[in-house]
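Have a look at the model first.

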Amino acid sequence: MNSPSIIVPLRKDRTINAAAVLALSSVDLTPGDESNDVFGQASQLQRVGVRSIHQFSDPKIEPEVVLRRTLQAAIHEAGHMPGIRHATLNECGMNESDQVDELD
């Protein structure tokens, strides 16, 4: 997701003393022209990020799985804020995932 439109309002919520601000949203962040899911966006410069849990909201999914995925998503986006890039190891929290089953 290239648009900073989600990140801009979060800058106002980050106080000068805050290390970072991470928002969780139930809104799907995937633009209509994307073939892969967009789970989140973060700005290292602004130290703000947003992560969607929209793809995790299927009522058929066990609550423990939803919680694990949500925490994985938050850790991943928070990792981008200090400048950590995507990893190639599947076990790493910074592994780039664009499908829910890749998170598992």
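Along its sequence, the protein chain runs α-β-β-β-α-α, giving 3 helices and 3 strands. Helices (H or I, at least four residues) and strands (E, at least two) are DSSP runs, numbered from the N terminus. This is a predicted model, in which local features need pLDDT of at least 70, side-chain atom pairs count only at pLDDT 80 or more, and totals for chains, interfaces and linings use all residues. Residues are numbered from 1 along each chain as its sequence is written, and side-chain values use heavy atoms, with hydrogens and water left out.

Of the 104 residues in the protein chain, 32% are buried; buried means under 20% relative accessible area, exposed over 50%, and partly exposed in between (1.4 Å probe, protein chains only). Taking contacts (heavy atoms within 4.5 Å) between residues at least 6 apart in sequence, 62% join residues at least 24 apart.

Now to helix α2, which spans residues 63-80 and includes Leu71. Arg69 also sits in helix α2. How do the two compare with the cut-offs above?

| Residue | Relative accessible area | Class |
|---|---|---|
| Leu71 | 48% | partly exposed |
| Arg69 | 9% | buried |

Which residues does Arg69 touch, leaving aside its neighbours within four places in sequence? Its contacts are Phe56, Ile61, Val100 and Asp104.
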